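Have the model open beside you as you read.

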Amino acid sequence: MTTTTVTDNPDRSRFEITEDGELAGFAEYFRHENELAFIHTEIDPAFAGRGLAGVLARAALDAARERGADVLPYCPFIRGWLTKHPDYVDLVPEAQRARFGL
């Protein structure tokens, strides 16, 4: 059985997803005060097709919610994930939603 873990690595400004201890991808962010601006998400091609990007997005956004942080989805993947999961759109400040097509 495979172990998948998502952790925040604030020293590198990104959430990282590992599978059996091996780095599979990350969601890079810029933190400013109470905002998390997601700027890039990447999954290593060796791990493609396993749904890890979605697992990573959900975990990163859950962490933002737990912290009470506002989310700015500059990253096209995170923005697209939000459009498919409207129960997370409330993380984006209402005044910013139109800017991101939400």
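## Rings, charges and a buried core

The charged end of Arg 65 sits over the ring of Tyr 88, 5.2 Å from its centre. Arg 14 likewise lies over the face of Phe 26, at 4.3 Å from the ring centre. A charge sits over a ring here if NZ of Lys or CZ of Arg is within 6 Å of the ring centre and within 35 degrees of the ring normal.

A word on the basis: this is a predicted model, in which local features need pLDDT of at least 70 and side-chain atom pairs count only at pLDDT 80 or more, while totals for chains, interfaces and linings use all residues. Residues are numbered from 1 along each chain as its sequence is written, and side-chain values use heavy atoms, with hydrogens and water left out.

Read along the sequence, the chain follows the pattern β-β-β-β-α-β-α-α, with three helices and five strands. Helices (H or I, at least four residues) and strands (E, at least two) are DSSP runs, numbered from the N terminus.

| Pair | Geometry | Centre to centre | Angle between planes |
|---|---|---|---|
| Phe 15 and Tyr 29 | tilted | 5.4 Å | 50 degrees |
| Tyr 29 and Phe 38 | edge-to-face | 6.3 Å | 70 degrees |

Rings of Phe, Tyr and Trp (its six-membered ring) pair if their centres lie within 6.5 Å; planes under 30 degrees apart count as stacked, over 60 as edge-to-face and the rest as tilted. Phe 15 lies in strand β2 (residues 14-19) and Tyr 29 in strand β3 (residues 22-32), so their pair ties together parts that are 14 residues apart in sequence. Phe 15, Tyr 29 and Phe 38 form one aromatic cluster.

Buried means under 20% relative accessible area, exposed over 50%, and partly exposed in between (1.4 Å probe, protein chains only).

Leaving aside residues up to four places away in sequence, Val 71 touches Leu 36, Phe 38, Leu 61, Ala 64, Leu 91, Val 92 and Pro 93; contact means heavy atoms within 4.5 Å.

Across the chain, 37% of the 102 residues count as buried.
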